[in-house]
Amino acid sequence: MVAVALNQMLAVVASPALTAAPWRSCFALIFPLLFVASFTLAAAAGGVPGAGNGVFSVKYRYAGMQRTLSDLKAHDVRRQLQILAGVDLPLGGTGRPNGVGLYYAKIGIGTPSNDYYVQVDTGSDIMWVNCIQCKECPKTSSLGIDLTLYDINESASGTLVTCDQEFCSEVNGGPLSGCTANVTCPYLEIYGDGSSTAGYFVKDAVQYDRVSGDLETASANGSVIFGCGARQSGDLGSSTEAALDGILGFGKANSSMISQLAATGRVKKIFAHCLDGENGGGIFAIGHVVEPRVNMTPIIQDQLHYNVNMTAVQVGHDMLHLPAEVFDAGDKKGAIIDSGTTLAYLPEMVYKPLVTKIISEQPNLRVQTVHDEYTCFQYSGSLDDAFPNVTFHFENSLLLRVYPHEYLFPFEGYWCLGWQNSGLQSRDRRNMTLLGDLVLSNKLVLYDLEKQAIGWTEYNCSSTITVQDEKTGTVHLVGSHTIPSSASSFSAEWAVVLLLLSTLLL
(Lines give C-alpha, C1' and ligand atoms only; values in the text may rest on other atoms or scores of the structure.)
Protein backbone atom coordinates (compact mmCIF):
# COMPACT_ATOMS: atom_id res chain seq x y z
CA MET A 1 0.00 0.00 0.00
CA VAL A 2 1.39 3.37 -1.03
CA ALA A 3 0.75 6.40 1.15
CA VAL A 4 -0.46 9.42 -0.82
CA ALA A 5 -1.31 12.86 0.53
CA LEU A 6 -5.01 13.75 0.45
CA ASN A 7 -4.61 16.76 -1.84
CA GLN A 8 -2.55 14.63 -4.24
CA MET A 9 -5.28 12.00 -4.28
CA LEU A 10 -7.91 14.63 -5.02
CA ALA A 11 -5.81 15.97 -7.86
CA VAL A 12 -5.42 12.52 -9.39
CA VAL A 13 -9.14 11.78 -9.32
CA ALA A 14 -10.55 15.20 -10.11
CA SER A 15 -8.14 16.59 -12.70
CA PRO A 16 -9.43 16.10 -16.25
CA ALA A 17 -6.01 17.01 -17.61
CA LEU A 18 -4.20 14.00 -16.16
CA THR A 19 -1.68 12.62 -18.62
CA ALA A 20 -3.16 9.74 -20.61
CA ALA A 21 -1.60 6.31 -20.28
CA PRO A 22 -2.22 2.99 -22.06
CA TRP A 23 -5.36 1.02 -21.28
CA ARG A 24 -3.87 -1.69 -19.17
CA SER A 25 -3.82 -2.15 -15.44
CA CYS A 26 -1.25 -3.56 -13.10
CA PHE A 27 -0.45 -2.93 -9.48
CA ALA A 28 -3.92 -1.64 -8.69
CA LEU A 29 -4.01 0.19 -5.38
CA ILE A 30 -7.16 0.73 -3.34
CA PHE A 31 -7.04 3.70 -1.00
CA PRO A 32 -9.54 3.63 1.91
CA LEU A 33 -10.37 7.33 1.74
CA LEU A 34 -14.09 7.92 2.11
CA PHE A 35 -13.79 11.66 1.64
CA VAL A 36 -11.91 11.31 -1.63
CA ALA A 37 -14.34 8.86 -3.14
CA SER A 38 -17.32 10.91 -1.97
CA PHE A 39 -15.78 14.03 -3.50
CA THR A 40 -15.35 12.21 -6.79
CA LEU A 41 -18.92 11.02 -6.90
CA ALA A 42 -20.27 14.42 -5.96
CA ALA A 43 -18.39 15.94 -8.86
CA ALA A 44 -19.54 13.30 -11.31
CA ALA A 45 -23.03 12.41 -10.25
CA GLY A 46 -24.31 14.95 -7.77
CA GLY A 47 -23.69 12.79 -4.75
CA VAL A 48 -23.35 9.24 -3.52
CA PRO A 49 -26.50 7.14 -3.95
CA GLY A 50 -28.32 6.51 -0.73
CA ALA A 51 -29.27 3.12 0.60
CA GLY A 52 -32.66 2.40 2.13
CA ASN A 53 -34.03 -0.56 4.02
CA GLY A 54 -35.14 -3.54 1.98
CA VAL A 55 -37.62 -6.34 2.72
CA PHE A 56 -37.47 -9.62 0.86
CA SER A 57 -40.45 -11.94 0.64
CA VAL A 58 -39.03 -15.41 1.22
CA LYS A 59 -40.90 -18.54 0.23
CA TYR A 60 -39.82 -22.16 0.49
CA ARG A 61 -39.55 -23.67 -2.96
CA TYR A 62 -41.30 -26.90 -1.96
CA ALA A 63 -44.01 -25.38 0.25
CA GLY A 64 -47.14 -27.52 0.24
CA MET A 65 -45.33 -30.38 -1.49
CA GLN A 66 -44.37 -33.70 0.05
CA ARG A 67 -40.64 -34.07 -0.64
CA THR A 68 -38.66 -37.09 0.48
CA LEU A 69 -35.08 -36.87 1.69
CA SER A 70 -34.01 -38.53 -1.56
CA ASP A 71 -35.79 -35.82 -3.56
CA LEU A 72 -34.00 -33.09 -1.65
CA LYS A 73 -30.63 -34.78 -2.02
CA ALA A 74 -31.26 -35.18 -5.72
CA HIS A 75 -32.07 -31.48 -5.93
CA ASP A 76 -28.83 -30.62 -4.12
CA VAL A 77 -26.81 -32.88 -6.42
CA ARG A 78 -28.32 -31.29 -9.51
CA ARG A 79 -27.60 -27.84 -8.12
CA GLN A 80 -24.02 -28.72 -7.21
CA LEU A 81 -23.40 -30.35 -10.57
CA GLN A 82 -24.48 -27.15 -12.25
CA ILE A 83 -22.49 -24.91 -9.95
CA LEU A 84 -19.17 -26.75 -9.96
CA ALA A 85 -18.79 -27.19 -13.70
CA GLY A 86 -16.22 -25.10 -15.54
CA VAL A 87 -16.72 -21.59 -16.87
CA ASP A 88 -15.82 -20.42 -20.38
CA LEU A 89 -15.18 -16.68 -20.86
CA PRO A 90 -15.00 -15.58 -24.53
CA LEU A 91 -11.81 -13.60 -25.24
CA GLY A 92 -10.96 -10.90 -27.73
CA GLY A 93 -8.00 -8.64 -28.43
CA THR A 94 -4.30 -9.32 -28.75
CA GLY A 95 -1.27 -8.73 -26.58
CA ARG A 96 1.03 -7.71 -29.45
CA PRO A 97 2.55 -4.26 -28.82
CA ASN A 98 1.90 -3.30 -32.44
CA GLY A 99 -1.76 -4.27 -32.11
CA VAL A 100 -4.46 -3.59 -29.53
CA GLY A 101 -2.14 -4.47 -26.66
CA LEU A 102 -4.78 -6.00 -24.40
CA TYR A 103 -7.14 -8.95 -24.01
CA TYR A 104 -10.77 -8.55 -23.06
CA ALA A 105 -13.72 -10.78 -22.20
CA LYS A 106 -17.47 -10.49 -22.65
CA ILE A 107 -19.71 -10.96 -19.63
CA GLY A 108 -23.33 -10.25 -18.85
CA ILE A 109 -24.50 -8.14 -15.91
CA GLY A 110 -27.96 -7.49 -14.51
CA THR A 111 -31.52 -8.72 -14.92
CA PRO A 112 -32.24 -8.56 -17.79
CA SER A 113 -28.62 -9.09 -18.72
CA ASN A 114 -26.60 -6.62 -20.80
CA ASP A 115 -23.24 -7.41 -22.39
CA TYR A 116 -20.09 -5.70 -21.12
CA TYR A 117 -16.57 -5.93 -22.49
CA VAL A 118 -13.93 -5.86 -19.77
CA GLN A 119 -10.16 -6.17 -19.81
CA VAL A 120 -8.92 -9.40 -18.25
CA ASP A 121 -6.38 -8.42 -15.63
CA THR A 122 -4.64 -10.77 -13.20
CA GLY A 123 -2.71 -7.81 -11.77
CA SER A 124 -5.71 -6.22 -10.02
CA ASP A 125 -8.59 -7.47 -7.89
CA ILE A 126 -11.72 -5.39 -8.24
CA MET A 127 -14.09 -5.79 -11.14
CA TRP A 128 -15.72 -2.53 -12.23
CA VAL A 129 -17.71 -1.17 -15.13
CA ASN A 130 -18.57 2.37 -16.22
CA CYS A 131 -21.80 3.65 -14.71
CA ILE A 132 -24.65 5.74 -16.01
CA GLN A 133 -23.56 8.72 -13.86
CA CYS A 134 -20.14 8.86 -15.52
CA LYS A 135 -19.64 11.95 -17.71
CA GLU A 136 -15.97 11.31 -18.61
CA CYS A 137 -16.41 7.69 -19.66
CA PRO A 138 -15.71 6.72 -23.28
CA LYS A 139 -18.71 6.55 -25.57
CA THR A 140 -17.08 4.74 -28.52
CA SER A 141 -14.29 2.26 -29.06
CA SER A 142 -11.97 1.51 -31.98
CA LEU A 143 -12.33 -2.19 -31.13
CA GLY A 144 -15.65 -2.38 -32.96
CA ILE A 145 -17.67 -3.13 -29.83
CA ASP A 146 -20.69 -1.34 -28.37
CA LEU A 147 -19.95 0.26 -25.01
CA THR A 148 -22.62 0.08 -22.31
CA LEU A 149 -23.06 2.16 -19.15
CA TYR A 150 -24.37 0.16 -16.19
CA ASP A 151 -27.60 1.46 -14.64
CA ILE A 152 -28.62 -0.21 -11.39
CA ASN A 153 -32.16 1.10 -11.80
CA GLU A 154 -32.57 -1.01 -14.94
CA SER A 155 -31.60 -4.26 -13.21
CA ALA A 156 -34.10 -6.13 -11.10
CA SER A 157 -31.27 -7.93 -9.30
CA GLY A 158 -29.01 -4.93 -8.61
CA THR A 159 -28.51 -3.65 -5.06
CA LEU A 160 -26.26 -1.06 -3.46
CA VAL A 161 -23.49 -2.14 -1.09
CA THR A 162 -23.55 -0.06 2.09
CA CYS A 163 -20.77 0.87 4.48
CA ASP A 164 -21.95 -1.47 7.22
CA GLN A 165 -21.52 -4.57 5.06
CA GLU A 166 -18.53 -6.83 5.67
CA PHE A 167 -17.28 -6.48 2.09
CA CYS A 168 -16.89 -2.73 2.49
CA SER A 169 -14.76 -3.07 5.61
CA GLU A 170 -12.66 -5.85 4.14
CA VAL A 171 -11.86 -4.17 0.84
CA ASN A 172 -10.90 -0.94 2.62
CA GLY A 173 -8.81 -2.60 5.33
CA GLY A 174 -11.28 -1.77 8.09
CA PRO A 175 -14.27 0.51 8.78
CA LEU A 176 -14.21 3.86 6.99
CA SER A 177 -14.47 6.91 9.17
CA GLY A 178 -17.80 8.61 8.66
CA CYS A 179 -19.12 5.81 6.50
CA THR A 180 -22.40 4.79 8.14
CA ALA A 181 -24.97 2.11 7.49
CA ASN A 182 -27.13 4.29 5.24
CA VAL A 183 -24.22 5.39 3.03
CA THR A 184 -23.16 3.55 -0.11
CA CYS A 185 -19.69 2.01 0.10
CA PRO A 186 -17.28 4.04 -2.08
CA TYR A 187 -14.20 2.86 -3.92
CA LEU A 188 -11.18 4.54 -5.39
CA GLU A 189 -8.63 2.54 -7.36
CA ILE A 190 -5.44 3.99 -8.80
CA TYR A 191 -3.38 1.96 -11.24
CA GLY A 192 0.34 1.96 -11.74
CA ASP A 193 0.04 3.89 -15.02
CA GLY A 194 -1.52 6.87 -13.23
CA SER A 195 -5.10 6.28 -14.35
CA SER A 196 -7.83 5.97 -11.75
CA THR A 197 -11.45 4.96 -11.30
CA ALA A 198 -13.79 6.04 -8.52
CA GLY A 199 -17.38 5.24 -7.71
CA TYR A 200 -19.39 3.01 -5.42
CA PHE A 201 -19.94 -0.71 -4.95
CA VAL A 202 -23.02 -2.55 -6.16
CA LYS A 203 -24.05 -6.18 -6.16
CA ASP A 204 -25.71 -7.75 -9.16
CA ALA A 205 -26.05 -10.96 -11.13
CA VAL A 206 -23.10 -11.64 -13.41
CA GLN A 207 -23.91 -13.92 -16.34
CA TYR A 208 -21.28 -16.30 -17.69
CA ASP A 209 -21.05 -19.43 -19.84
CA ARG A 210 -20.99 -22.66 -17.86
CA VAL A 211 -19.29 -25.58 -19.60
CA SER A 212 -22.03 -28.14 -20.26
CA GLY A 213 -20.38 -30.43 -22.82
CA ASP A 214 -17.65 -30.62 -25.43
CA LEU A 215 -17.48 -27.10 -26.91
CA GLU A 216 -20.93 -26.48 -25.43
CA THR A 217 -22.02 -23.99 -22.78
CA ALA A 218 -25.15 -23.08 -20.90
CA SER A 219 -25.96 -19.78 -19.25
CA ALA A 220 -25.25 -19.48 -15.52
CA ASN A 221 -24.99 -16.60 -13.10
CA GLY A 222 -23.77 -15.65 -9.67
CA SER A 223 -24.08 -12.55 -7.53
CA VAL A 224 -20.87 -10.50 -7.55
CA ILE A 225 -19.95 -7.22 -5.87
CA PHE A 226 -18.24 -4.85 -8.27
CA GLY A 227 -17.46 -1.19 -8.71
CA CYS A 228 -19.85 1.18 -10.45
CA GLY A 229 -17.46 3.68 -12.02
CA ALA A 230 -18.75 7.26 -11.78
CA ARG A 231 -15.49 9.08 -12.45
CA GLN A 232 -12.51 8.01 -14.56
CA SER A 233 -9.22 9.74 -15.23
CA GLY A 234 -6.16 9.17 -17.36
CA ASP A 235 -6.44 6.46 -19.97
CA LEU A 236 -9.74 5.24 -18.50
CA GLY A 237 -11.44 8.46 -19.58
CA SER A 238 -13.06 9.48 -22.82
CA SER A 239 -9.82 10.12 -24.72
CA THR A 240 -8.85 6.49 -25.12
CA GLU A 241 -9.22 4.80 -28.50
CA ALA A 242 -9.19 1.11 -27.52
CA ALA A 243 -11.87 1.71 -24.90
CA LEU A 244 -13.70 -0.96 -22.92
CA ASP A 245 -16.54 -1.00 -20.40
CA GLY A 246 -14.29 -1.77 -17.45
CA ILE A 247 -11.81 -4.18 -15.95
CA LEU A 248 -12.30 -7.76 -14.75
CA GLY A 249 -9.86 -8.20 -11.89
CA PHE A 250 -8.70 -11.79 -11.39
CA GLY A 251 -6.24 -11.06 -8.58
CA LYS A 252 -5.68 -12.92 -5.32
CA ALA A 253 -7.82 -10.82 -2.98
CA ASN A 254 -11.22 -11.86 -1.67
CA SER A 255 -12.78 -8.99 -3.63
CA SER A 256 -11.95 -10.51 -7.03
CA MET A 257 -14.66 -12.18 -9.10
CA ILE A 258 -13.01 -15.61 -8.90
CA SER A 259 -12.74 -15.35 -5.10
CA GLN A 260 -16.36 -14.26 -4.70
CA LEU A 261 -17.72 -17.06 -6.89
CA ALA A 262 -15.50 -19.60 -5.14
CA ALA A 263 -16.66 -18.41 -1.70
CA THR A 264 -20.25 -19.31 -2.61
CA GLY A 265 -19.20 -22.74 -3.89
CA ARG A 266 -20.06 -21.95 -7.50
CA VAL A 267 -16.58 -22.56 -8.89
CA LYS A 268 -13.21 -23.87 -7.83
CA LYS A 269 -10.59 -21.22 -7.21
CA ILE A 270 -8.68 -22.34 -10.28
CA PHE A 271 -8.52 -20.62 -13.65
CA ALA A 272 -6.40 -20.61 -16.77
CA HIS A 273 -5.79 -18.44 -19.80
CA CYS A 274 -4.23 -19.12 -23.16
CA LEU A 275 -3.61 -15.84 -24.99
CA ASP A 276 -3.27 -16.28 -28.73
CA GLY A 277 -0.41 -14.05 -29.82
CA GLU A 278 -0.83 -14.96 -33.48
CA ASN A 279 -4.56 -14.69 -34.18
CA GLY A 280 -5.82 -12.77 -31.16
CA GLY A 281 -8.38 -13.95 -28.63
CA GLY A 282 -7.76 -17.32 -27.03
CA ILE A 283 -9.06 -19.29 -24.06
CA PHE A 284 -10.05 -18.20 -20.57
CA ALA A 285 -11.60 -20.86 -18.36
CA ILE A 286 -12.44 -21.30 -14.69
CA GLY A 287 -12.04 -24.82 -13.36
CA HIS A 288 -9.65 -27.74 -13.14
CA VAL A 289 -7.73 -27.99 -16.43
CA VAL A 290 -6.86 -31.62 -17.17
CA GLU A 291 -5.15 -31.17 -20.53
CA PRO A 292 -2.65 -29.85 -21.25
CA ARG A 293 -0.73 -30.80 -18.12
CA VAL A 294 1.55 -28.15 -16.71
CA ASN A 295 4.42 -28.05 -14.24
CA MET A 296 3.77 -25.76 -11.30
CA THR A 297 5.78 -23.35 -9.16
CA PRO A 298 4.66 -21.98 -5.75
CA ILE A 299 3.06 -18.57 -5.42
CA ILE A 300 5.06 -16.45 -2.97
CA GLN A 301 2.95 -15.76 0.09
CA ASP A 302 2.23 -12.34 1.63
CA GLN A 303 2.48 -10.55 -1.73
CA LEU A 304 -0.27 -8.48 -3.34
CA HIS A 305 0.13 -10.08 -6.75
CA TYR A 306 0.96 -13.40 -8.36
CA ASN A 307 4.65 -13.46 -7.48
CA VAL A 308 6.82 -16.52 -8.21
CA ASN A 309 10.47 -17.27 -7.49
CA MET A 310 12.78 -16.75 -10.46
CA THR A 311 16.13 -18.55 -10.18
CA ALA A 312 18.03 -17.77 -13.41
CA VAL A 313 17.89 -16.08 -16.82
CA GLN A 314 19.22 -17.79 -19.92
CA VAL A 315 19.89 -16.19 -23.32
CA GLY A 316 20.41 -18.80 -26.01
CA HIS A 317 22.63 -21.48 -24.47
CA ASP A 318 24.28 -19.12 -21.97
CA MET A 319 23.20 -18.31 -18.43
CA LEU A 320 23.48 -14.66 -17.48
CA HIS A 321 25.86 -14.10 -14.58
CA LEU A 322 23.63 -12.17 -12.22
CA PRO A 323 24.05 -11.15 -8.57
CA ALA A 324 22.04 -13.21 -6.09
CA GLU A 325 20.05 -10.20 -4.85
CA VAL A 326 18.30 -9.84 -8.20
CA PHE A 327 16.23 -12.91 -7.29
CA ASP A 328 15.53 -11.85 -3.70
CA ALA A 329 14.18 -8.31 -3.57
CA GLY A 330 12.83 -8.24 -0.02
CA ASP A 331 9.19 -7.16 0.21
CA LYS A 332 8.87 -7.17 -3.59
CA LYS A 333 10.29 -10.65 -3.95
CA GLY A 334 9.92 -12.66 -7.11
CA ALA A 335 8.57 -12.10 -10.61
CA ILE A 336 5.00 -10.84 -11.05
CA ILE A 337 2.77 -12.65 -13.53
CA ASP A 338 0.29 -10.08 -14.91
CA SER A 339 -1.99 -10.46 -17.92
CA GLY A 340 -2.97 -6.79 -17.66
CA THR A 341 0.48 -5.64 -18.81
CA THR A 342 1.68 -5.82 -22.41
CA LEU A 343 5.48 -5.77 -22.19
CA ALA A 344 8.04 -7.40 -19.87
CA TYR A 345 9.86 -5.30 -17.26
CA LEU A 346 13.21 -6.45 -15.90
CA PRO A 347 15.58 -5.06 -13.25
CA GLU A 348 18.40 -3.03 -14.75
CA MET A 349 20.97 -5.63 -13.70
CA VAL A 350 19.05 -8.17 -15.82
CA TYR A 351 17.93 -5.88 -18.62
CA LYS A 352 21.36 -4.60 -19.66
CA PRO A 353 23.20 -7.93 -20.02
CA LEU A 354 20.15 -9.53 -21.64
CA VAL A 355 19.84 -6.84 -24.33
CA THR A 356 23.61 -6.78 -24.87
CA LYS A 357 23.64 -10.53 -25.39
CA ILE A 358 20.74 -10.42 -27.86
CA ILE A 359 22.27 -7.63 -29.94
CA SER A 360 25.70 -9.28 -29.98
CA GLU A 361 24.26 -12.19 -31.96
CA GLN A 362 24.25 -9.91 -35.00
CA PRO A 363 27.31 -7.61 -34.69
CA ASN A 364 26.56 -5.75 -37.92
CA LEU A 365 23.22 -4.41 -36.73
CA ARG A 366 22.75 -0.66 -36.71
CA VAL A 367 20.98 -0.28 -33.38
CA GLN A 368 19.20 2.94 -32.55
CA THR A 369 16.82 4.26 -29.93
CA VAL A 370 13.38 5.14 -31.26
CA HIS A 371 11.41 7.87 -29.51
CA ASP A 372 14.09 7.99 -26.80
CA GLU A 373 12.75 4.74 -25.43
CA TYR A 374 12.93 1.59 -27.55
CA THR A 375 15.97 -0.29 -28.78
CA CYS A 376 15.36 -0.95 -32.48
CA PHE A 377 17.12 -2.08 -35.63
CA GLN A 378 16.44 -3.09 -39.21
CA TYR A 379 16.63 -6.74 -40.16
CA SER A 380 15.20 -8.60 -43.14
CA GLY A 381 15.97 -12.23 -42.27
CA SER A 382 14.31 -14.78 -40.03
CA LEU A 383 14.10 -13.49 -36.47
CA ASP A 384 14.06 -16.93 -34.89
CA ASP A 385 17.14 -18.01 -36.86
CA ALA A 386 19.12 -14.85 -36.16
CA PHE A 387 18.40 -14.13 -32.49
CA PRO A 388 18.45 -16.25 -29.31
CA ASN A 389 15.57 -17.50 -27.24
CA VAL A 390 15.26 -16.03 -23.76
CA THR A 391 14.46 -18.57 -21.04
CA PHE A 392 13.46 -17.69 -17.48
CA HIS A 393 14.04 -20.37 -14.82
CA PHE A 394 11.75 -20.70 -11.81
CA GLU A 395 11.48 -22.77 -8.66
CA ASN A 396 10.61 -26.45 -9.27
CA SER A 397 12.55 -26.38 -12.55
CA LEU A 398 9.75 -24.58 -14.37
CA LEU A 399 10.92 -22.83 -17.55
CA LEU A 400 9.38 -19.91 -19.44
CA ARG A 401 10.82 -19.67 -22.95
CA VAL A 402 10.29 -16.56 -25.09
CA TYR A 403 11.10 -16.68 -28.80
CA PRO A 404 12.51 -13.79 -30.86
CA HIS A 405 9.28 -13.37 -32.84
CA GLU A 406 7.54 -12.85 -29.48
CA TYR A 407 9.90 -10.34 -27.87
CA LEU A 408 10.48 -8.33 -31.08
CA PHE A 409 7.71 -6.19 -32.56
CA PRO A 410 7.65 -4.22 -35.85
CA PHE A 411 7.38 -0.46 -36.20
CA GLU A 412 8.09 1.78 -39.21
CA GLY A 413 10.41 -0.71 -40.84
CA TYR A 414 12.27 -1.52 -37.62
CA TRP A 415 12.22 -4.39 -35.18
CA CYS A 416 12.04 -3.16 -31.57
CA LEU A 417 12.77 -5.05 -28.36
CA GLY A 418 9.82 -5.53 -26.03
CA TRP A 419 12.06 -5.84 -22.96
CA GLN A 420 11.92 -2.81 -20.71
CA ASN A 421 14.15 -1.53 -17.90
CA SER A 422 11.92 -1.40 -14.83
CA GLY A 423 14.55 0.54 -12.88
CA LEU A 424 14.14 3.47 -15.27
CA GLN A 425 10.40 3.24 -15.79
CA SER A 426 8.97 2.75 -12.31
CA ARG A 427 7.96 5.89 -10.49
CA ASP A 428 9.66 4.95 -7.25
CA ARG A 429 12.73 3.54 -9.05
CA ARG A 430 12.08 0.00 -7.95
CA ASN A 431 13.89 -2.75 -9.82
CA MET A 432 11.16 -5.32 -10.25
CA THR A 433 10.41 -8.17 -12.60
CA LEU A 434 6.99 -8.05 -14.23
CA LEU A 435 6.06 -10.47 -17.00
CA GLY A 436 3.12 -9.44 -19.16
CA ASP A 437 1.50 -10.65 -22.37
CA LEU A 438 4.79 -10.42 -24.26
CA VAL A 439 5.93 -13.61 -22.53
CA LEU A 440 2.56 -15.09 -21.50
CA SER A 441 1.10 -15.33 -25.02
CA ASN A 442 1.01 -18.71 -26.76
CA LYS A 443 1.13 -20.50 -23.41
CA LEU A 444 -1.50 -22.15 -21.27
CA VAL A 445 -1.09 -20.44 -17.89
CA LEU A 446 -2.81 -22.13 -14.94
CA TYR A 447 -3.52 -20.39 -11.62
CA ASP A 448 -4.34 -22.93 -8.90
CA LEU A 449 -5.26 -20.81 -5.89
CA GLU A 450 -6.41 -23.91 -4.04
CA LYS A 451 -2.80 -25.15 -3.99
CA GLN A 452 -1.23 -21.67 -4.20
CA ALA A 453 0.73 -22.47 -7.35
CA ILE A 454 1.07 -21.23 -10.94
CA GLY A 455 2.22 -23.18 -13.96
CA TRP A 456 2.39 -22.94 -17.74
CA THR A 457 3.29 -24.77 -20.89
CA GLU A 458 3.70 -23.76 -24.52
CA TYR A 459 0.41 -24.35 -26.30
CA ASN A 460 -1.58 -23.61 -29.43
CA CYS A 461 -4.14 -21.17 -28.05
CA SER A 462 -6.31 -21.56 -31.16
CA SER A 463 -7.03 -25.19 -30.19
CA THR A 464 -8.87 -26.62 -27.16
CA ILE A 465 -8.24 -27.56 -23.55
CA THR A 466 -10.14 -29.98 -21.33
CA VAL A 467 -11.80 -28.92 -18.07
CA GLN A 468 -13.01 -31.40 -15.46
CA ASP A 469 -16.44 -31.40 -13.88
CA GLU A 470 -15.68 -31.47 -10.16
CA LYS A 471 -18.67 -33.65 -9.21
CA THR A 472 -18.91 -36.22 -11.99
CA GLY A 473 -15.23 -36.39 -12.91
CA THR A 474 -16.09 -36.09 -16.61
CA VAL A 475 -14.04 -33.76 -18.78
CA HIS A 476 -15.22 -31.41 -21.50
CA LEU A 477 -13.48 -29.55 -24.29
CA VAL A 478 -13.25 -25.77 -24.07
CA GLY A 479 -12.35 -23.99 -27.30
CA SER A 480 -10.78 -20.69 -28.20
CA HIS A 481 -12.71 -17.52 -29.01
CA THR A 482 -12.01 -14.37 -30.92
CA ILE A 483 -14.56 -11.67 -30.21
CA PRO A 484 -15.15 -9.87 -33.55
CA SER A 485 -13.71 -6.38 -33.66
CA SER A 486 -12.47 -3.76 -36.07
CA ALA A 487 -9.12 -3.68 -34.32
CA SER A 488 -7.35 -4.06 -37.65
CA SER A 489 -7.95 -0.34 -38.14
CA PHE A 490 -5.91 0.32 -35.03
CA SER A 491 -2.70 1.61 -36.57
CA ALA A 492 0.77 0.51 -35.57
CA GLU A 493 1.69 4.16 -35.15
CA TRP A 494 -1.01 4.67 -32.52
CA ALA A 495 -0.01 1.44 -30.80
CA VAL A 496 3.52 2.69 -30.37
CA VAL A 497 2.23 6.01 -29.08
CA LEU A 498 0.46 4.02 -26.39
CA LEU A 499 3.64 2.12 -25.68
CA LEU A 500 5.54 5.35 -25.27
CA LEU A 501 3.00 6.49 -22.72
CA SER A 502 3.56 3.23 -20.82
CA THR A 503 6.67 4.76 -19.28
CA LEU A 504 4.27 5.61 -16.46
CA LEU A 505 3.25 1.96 -16.13
CA LEU A 506 4.90 1.11 -12.85
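## The sheet and its helix

Strands β23 (residues 390-394) and β24 run antiparallel and are joined by 5 bridges; strands here are DSSP runs of E with at least two residues, helices are runs of H or I with at least four, and both are numbered from the N terminus. Across this pairing, Phe392 stands opposite Leu400 in β24. Two strands count as paired if DSSP finds at least two bridges between them.

## How the model is read

This is a predicted model, in which local features need pLDDT of at least 70 and side-chain atom pairs count only at pLDDT 80 or more, while totals for chains, interfaces and linings use all residues. Residues are numbered from 1 along each chain as its sequence is written, and side-chain values use heavy atoms, leaving out hydrogens and water.

## Salt bridges

How many salt bridges does a search of the whole structure find? The search finds 6, where a salt bridge is a side-chain nitrogen of Lys or Arg within 4 Å of a carboxyl oxygen of Asp or Glu. One of them joins Glu348 and Lys352 (3.0 Å, N to O); both residues lie in helix α6 (residues 348-360), 4 residues apart, about one turn of the helix.

Arg401 also forms a salt bridge, with Glu458, the closest N and O atoms being 3.8 Å apart. This pair links distant parts of the chain, with Arg401 in strand β24 (residues 398-402) and Glu458 in strand β30 (residues 453-458), 57 residues apart. Arg401 is partly exposed at 31% relative accessible area; the classes are buried under 20%, exposed over 50% and partly exposed in between (1.4 Å probe, protein chains only).

## A buried aspartate

Asp338 sits in the loop between β19 (335-337) and β20 (344-346). Asp338 counts as buried because its relative accessibility is 1%. A polar atom of its side chain lies 3.0 Å from the backbone nitrogen of Gly123.

Key. Polar contact = N/O pair within 3.5 Å; in protein donor to acceptor, adjacent residues only side chain to side chain.
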